[in-house]
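Morning, everyone. Please bring up the model on the screen. I'll walk through the helices, then the sheets, then the core.

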Amino acid sequence: MKSLHGTMLACALAVPCLTQVCLAADAPAKHFPSIDTATVSYMIPGTAQARREVIKGAPHDGVLQEIVVEQGQWVSTGDVIARMDDATARAAVALAREQASRTAGVERAQHSLKLAELQLTRTMSANEGGAVNETEVEDARLEVEIARASLNAALEDQRIAGLELMQAEARLEEHVIRAPFDGRVITIDIEPGAVLQIGDPIATICDYGTLKVDVMLPASWYHQLKKDADYQFHADAPVSREIEGRLVYIEPRVDAAVGGIRCRFFIENPKHALPVGFIVRPITGPETALSAHDGRSMPSDG
């Protein structure tokens, strides 16, 4: 009986502990520390941007041959975006491939070496019978060395031709503009047939599965902010609701001009429901919150 009572008591004591663990696991995103009128001016809202965005430009001077994708299209890493006119580069590859495939020079050098070695063997045999002198034997040996050097030179030429083919193929590949990561084609800035200079924009690729936002926060919060913790923000139109952002970086210096520190947050956007470019404002603690309209402190809804 005592054992039964002890077991029931242990279970009763364990319930609050388990409840605390569950609550901790499902802890909501943090509010930022409370602010007063003196610190409001140090808070500067941020703009949600794509975590990765790149403008793919012309790799060299030339004519844009074709654009393979459409604006708004999703692309994967390595997908072809566009091609520059590559007629000259393709001709260079064809020439280099022909030169790399040639074996006549090596074969001729191999036959010359065999002939020189055979002649040396015959000369040495004749020398043993007294038919030729040592000078003729040395001349035959020299011919073998010359033939061997010619073969080595032919093999080097063949290797260099192979490297030149690789170089020509690499230059041909430079005419192809590819997606650097999975993302969406946001803009196409040019039309096929345009004459471009190196760096001229062709298309913008954007990966906004994760958004990034830089926010200026009061320097007095430096030791209160927790890296990798989730914090709450109010998102302006067209989102117009509260969202969460994970703190990934706290700049270790104070901006003396505003008395704040720059912090970067990541906002997960796996279904791409959120656009890019909306304003986000930190939601502060239970005492005060930052107004989404005018930046002044106002009573929190709780």
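Helices (H or I, at least four residues) and strands (E, at least two) are DSSP runs, numbered from the N terminus.

Two notes on where this comes from. This is a predicted model: local features need pLDDT of at least 70, side-chain atom pairs count only at pLDDT 80 or more, and totals for chains, interfaces and linings use all residues. Residues are numbered from 1 along each chain as its sequence is written, and side-chain values use heavy atoms, with hydrogens and water left out.

Helices now. Find helix 4, residues 104–128, and helix 5, residues 134–173. They pack at about 165°, and their axes are 8 Å apart. So helix 4 is roughly antiparallel to helix 5; that label applies to angles over 145 degrees, while under 35 is roughly parallel, 65 to 115 roughly perpendicular and the rest oblique. What residues make up the contact of helix 4 with helix 5? There are 13 nonpolar, seven polar and six charged. Here Ala, Val, Leu, Ile, Met, Phe, Trp, Tyr, Cys and Pro count as nonpolar, Asp, Glu, Lys and Arg as charged, and the others, Gly among them, as polar.

Helix 5 has another partner. Helix 3, residues 87–101, packs with helix 5 at about 165°, with axes 8 Å apart. That angle makes helix 3 roughly antiparallel to helix 5.

On to the strands. Two strands pair if DSSP finds at least two bridges between them. An open sheet of four strands runs in the order 6-5-3-8, with antiparallel pairing. Its edges are strand 6 (176–178) and strand 8 (195–196), and each pairs on one side only. Inside this sheet, strand 3 (residues 62–67) and strand 5 (residues 80–84) are antiparallel and share three bridges. Look at Glu66: its bridge partner in strand 5 is Arg83.

Tyr231 stands opposite Gly245 in strand 11. The two strands form a hairpin with five residues between them. In the turn, Ser240 has a positive phi of about 55°.

Strand 10 also joins strand 13 (residues 279–282), antiparallel, through three bridges. Ala235 has Val280 as its bridge partner there. Strand 11 goes on to strand 12 with four bridges, again antiparallel. One of those pairs is Ile250 with Cys263. And strand 9 meets strand 12, antiparallel, over nine bridges. There, Lys212 partners Phe266.

Last, the core. A nonpolar core is a set of buried Ala, Val, Leu, Ile, Met, Phe, Trp, Tyr and Cys residues joined through side-chain atoms within 4.5 Å. Buried means under 20% relative accessible area, exposed over 50%, partly exposed in between (1.4 Å probe, protein chains only). How many residues does the largest nonpolar core have? It has 27, and those with the most contacts inside it are Leu217, Leu225, Phe265 and Phe278. Strands 9 (201–218), 10 (230–235), 11 (241–250) and 12 (260–268) each supply at least two residues of this core. Strand 9 gives the largest share, six residues.

Leu247 counts as buried because its relative accessibility is 0%. Leu247 and Lys226 are 21 residues apart in sequence, and 7.2 Å apart in space, C-alpha to C-alpha.

Note on methods. Axes are lines fitted to C-alpha atoms, for helices over the stretch in contact, and angles run from 0 to 180 degrees between N-to-C directions.
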